[in-house]
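Me: I'm opening this one for the first time, and I'd like to go through it step by step. Could you walk me through it?

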Amino acid sequence: GSLKFATPTNLDSINTDRDELSPFIHADNRTLYFSSNGHYGLGGYDVFVSRRKTARYPWGRPRNLGYPLNTSKDEIGFVVNGNGDKAFFSSDGIENRGRGREVYEVDLPEKLRPKRVKFIQGKIYDADLDVPIQAIVEIYTTDSVPKKVFETVSDKKDGSFTALIPTDNAKEEYGFLVRKKGYMFHSQHLTEDDPIINLRNSTQIQLERIEVGKSLVLNNVF
């Protein structure tokens, strides 16, 4: 079936009785940047950051990114690159050039950066028909009680997906699971030097339909 949006949930710890806009959540799924004129700031719209410990943990108290990034006028549209070290945003308060809002690039200090993440990219195909399919992709820890840390789905048009692996715990090892109803699943253990953990590599994964007599190798069991 087709994917559907869930019912929107108000972020009580983020929102005020004034305006919050241009939210941007980093790929680490734990760091949220947004603009607000309702939290304590320098005037106009300021950029704030809020963090959560895990994907299911409540959002923490918003923190103003401070001067010189924020000014007495408006800073909005804040986005951060994949590495988490550079950000881009719009402001009409940094330079008085009579040209309205302009776009700026800034190097983020360590304390304002999101968690670093690693990427896995690939494509999922039907092994018999050699056509792309939409399947669920999950990343798990491989400890005694596995925990799911990321989930996505592949694109039904070309089978492509991008999955993310947290890097805040260097000792943690992860497993990779692809599943779709009617197909045998694909499992794989991910190690630090695994070539699949490389943004430049595209790995094609073939899923075989469930049929009598077929078998698969269990590379990891979740």
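This is a predicted model: local features need pLDDT of at least 70, side-chain atom pairs count only at pLDDT 80 or more; totals for chains, interfaces and linings use all residues.

Me: OK, what do β5 and β6 form, and how many residues lie between them?
Reply: They form a hairpin with five residues between them, and in the turn G84 has a positive phi of about 80 degrees. As for individual partners, E75 has S91 in β6 as its bridge partner.

Me: And which residues make the nonpolar surface patch?
Reply: The patch is made by V79, F88 and V103, and it covers about 250 Å². Of these residues, V79 is found in strand β5, which spans residues 75-80.

Me: Why does V79 count as partly exposed?
Reply: V79 has a relative accessibility of 33%, so it counts as partly exposed, because that class lies between the limits of 20% for buried and 50% for exposed.

Me: Switching to sheets: what is the order of the strands in the one with β1?
Reply: That is an open sheet of four strands, in the order β1-β2-β3-β4, with antiparallel pairing. Its edge strands are β1 (20-25) and β4 (63-64), each of which pairs on one side only. Within the sheet, strand β2 (residues 31-36) and strand β3 (residues 46-51) are paired over six bridges, and S35 has V47 in β3 as its bridge partner.

Me: What about the sheet with β13, what is its order?
Reply: This open sheet has four strands as well, arranged β10-β9-β12-β13 with antiparallel pairing. Here the edge strands are β10 (148-153) and β13 (186-190), each pairing on one side only, and neighbouring strands are turned by 15 degrees against each other on average, with direction ignored. Strand β9 (residues 136-141) is joined to β10 by five bridges, and the bridge partner of Y140 in β10 is K148.

Me: Now the inside: which residues of the largest nonpolar core touch the most other members?
Reply: Of its 18 residues, those are I120, I124, I139, F161, F176, V178 and L207. At least two residues of this core come from each of β8 (117-126), β9, β11 (160-166), β12 (174-179) and β14 (203-207).

Me: Which strand gives the most to it?
Reply: That is β11, with four residues. Apart from this core lies another one, of twelve residues, which include V80, F89, L108 and L112.

Notes:
Residues are numbered from 1 along each chain as its sequence is written. Side-chain values use heavy atoms; hydrogens and water are left out. Patches are made of residues with over 30% relative accessible area and no salt bridge: like charges are joined within 9 Å, nonpolar side chains (Val, Leu, Ile, Met, Phe, Trp, Tyr) within 5 Å. Accessible areas come from the Shrake-Rupley method with a 1.4 Å probe; for residues, only the protein chains shown count as cover. A salt bridge is a side-chain nitrogen of Lys or Arg within 4 Å of a carboxyl oxygen of Asp or Glu. Buried means under 20% relative accessible area, exposed over 50%, partly exposed in between (1.4 Å probe, protein chains only). Two strands pair if DSSP finds at least two bridges between them. Axes are lines fitted to C-alpha atoms, for helices over the stretch in contact, and angles run from 0 to 180 degrees between N-to-C directions. A nonpolar core is a set of buried Ala, Val, Leu, Ile, Met, Phe, Trp, Tyr and Cys residues joined through side-chain atoms within 4.5 Å.
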